[in-house]
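Q: I have a model open in the viewer and would like to learn how to read it feature by feature. Where should we begin?

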Amino acid sequence: MSCASSIWSDVPRELRRGVLLVTLAVALVGIAYGVTASADGFAVWQIVLLAVLVLAGSAELLFVGLIGAGASPWLALGASLLLNLRNVVYGMAASPLLLRRWERWCGAHLVNDETVALAAAPTGGPPRTVEQRRATFLVTGIGVALGWPVGAVIGSTLGQVVPEPEAWGLDAVLPALLGALAVPAIRGGSAFAVAVLAGVIALLAQPHVPLGLAPVLGLAAVAVLLVGRRDGGARGGAREVTS
Amino acid sequence: MTEVMIAVVLLAIGTYGTRRAGVALGGHVTEGPRAQHAERLLDHAIIALLIGVTLTTAVYDGDAPAGWARPLGVACALTAARLHAPLAVSVLLGAGVTALLRHLGL
């Protein structure tokens, strides 16, 4: 318990509310996932097993959605794994924060959009220490690891009561959350250019490539705009993001 | 159903594999200008991925456009975030506007 409270106190004060809100938002998406999955014929224990073992929101929604639509489990597996390819990049970002051996093995499971976005969140002032970013990553990860399955349980039990998560706008929670986490990090010309180009590529590619690949193709924006250019006009802005 | 359960287990192993591979690949270079350059690339890659996932999940259901309500709701959330609204306000605004537009029949 003292370990848990000391890691919480390492989370920078201005990020603490963000961590709790991410947990809550993930639980809300979890409810939508639970409702969807039970409508697609999955049992509560299967929904929770997926939530705990896979712990990747959009991939699970895709997996249960495809199987519910009658696709073969192998197709659903391939598509969901493709959607999770971006975790390789997120894992690289989390890597310097996971110092001990067990952290690298256990912490890897906590790598996802939300934990990496918060751990890399820009500061208003001085750069954050590795300890602070590590604590932010781990605490957000624990929040997501709890919030997601709990939301899924509530959703899959509620499935019969609230049959339409869309009517409540619950399907907008995931994009709104990820977007709201990304936007503050877009400072300076190069980050803005990368965001716009990556967004355009992903949107144009989506109907033409297997599900999940479009955002990964958007990484081409980074290659086009930044690789080989060690410094450019926008460097000052981008350094702030790094902090 | 057995096939589905095998797929679930493989999905869990595969997903963990992508994460663990990233953790293993990253963090070899930790100091000097090369590390700074790599970190800068990584920061931009995170932005590119988050925006890509945001926009595709806002606009599409699978590979078909999902209608106007969700993209407009998410656009409100992004605008709010841009204007330094708290995270909760942005997210609730996104869901709320989406739900409202649907009730209005969009």
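**Reading the model, feature by feature**

A: Begin with one residue: B:His84 lies in the loop between α3 and α4 of chain B. The model is predicted, and the values below are computed from it.

Q: Where does A:Leu55 lie, and is A:Leu55 buried or exposed?

A: A:Leu55 is in the loop between α3 (44–53) and α4 of chain A. Its phi is also that of a non-glycine residue with a positive value, about 50°. With 22 other C-beta atoms within 10 Å, A:Leu55 is buried, the cut-off for burial being 20 or more.

Q: How many helices and strands does chain A have?

A: Chain A has 14 helices and 0 strands. Its pattern along the sequence is therefore a run of α elements, α-α-α-α-α-α-α-α-α-α-α-α-α-α. The C-alpha trace spans about 55 × 50 × 35 Å along the principal axes of chain A.

Q: What share of chain A counts as buried, and what share of its contacts is between residues 24 or more positions apart?

A: Of the 243 residues, 55% count as buried. Among contacts in chain A with a separation of 6 or more, 78% are between residues 24 or more positions apart.

Q: Which helices do the buried residues of α10(A) pack against?

A: An α-helix has 3.6 residues a turn, so residues three or four places apart point the same way. Helix α10 (residues 173–182) of chain A has 10 of its 10 residues buried; among them are A:Val173, A:Pro175, A:Gly179 and A:Ala182. Within chain A, the buried residues pack against α2 (13–39), α4 (57–68) and α8 (113–119). In chain B the partners are α2, α3 and α4.

Q: What does A:Ala221 touch, not counting residues up to four places away in sequence?

A: A:Ala221 is in helix α13 (residues 220–226) of chain A and is buried, with 25 other C-beta atoms within 10 Å. A:Ala221 touches A:Val194, A:Leu197, A:Ala198 and A:Ile201, and also B:Ala48 in the other chain. A:Val54, by contrast, is 167 residues from A:Ala221 in sequence and 29 Å from it in space, C-alpha to C-alpha.

Q: How many residues of each chain are in contact with the other?

A: The size of an interface is often given as the accessible area lost when the parts come together. Here a count of residues is used: 62 residues of chain B are in contact with 83 residues of chain A. On the chain B side, α1 (2–25), α2 (32–59), α3 (69–82) and α4 (87–103) each supply at least two residues. The most come from α2(B), with 22 residues. That side of chain B divides into 33 nonpolar, 19 polar and 10 charged residues.

Q: Where does UniProt place the feature "transmembrane region" in chain A?

A: The unreviewed UniProt entry places this feature at several ranges, including 135–155 and 167–183. Over residues 135–155 of chain A the model is 100% helix and 0% strand, with the end C-alpha atoms 29 Å apart. Over residues 167–183 the figures are 59% helix and 0% strand, with the end C-alpha atoms 26 Å apart.

Q: Where in chain A is confidence lowest, and where is it highest?

A: Where pLDDT is low, the predicted coordinates should not be read in detail. The mean pLDDT of chain A is 85, and 90% of its residues reach 70 or more. The lowest mean, 37, belongs to helix α14 (residues 235–242) of chain A, and the highest, 94, to helix α11 (residues 189–205). Over residues 231–243 of chain A the pLDDT is below 50, although the stretch has 31 contacts in the model beyond near neighbours in sequence.

Technical notes:
Residues numbered from 1 in each chain as written. Chains lettered and ligands numbered in written order. Predicted model: local features only at pLDDT ≥ 70, side-chain atom pairs only at ≥ 80, totals over all residues. Contact = placed C-beta atoms within 7 Å. Helix = DSSP H or I, 4+ residues; strand = E, 2+ residues; numbered from the N terminus. Nonpolar A, V, L, I, M, F, W, Y, C, P; charged D, E, K, R; others polar. Buried ≥ 20, exposed ≤ 12 C-beta atoms within 10 Å, placed from the backbone. UniProt positions renumbered as here; feature names shortened; annotations may be inferred. pLDDT = per-residue confidence, 0-100.
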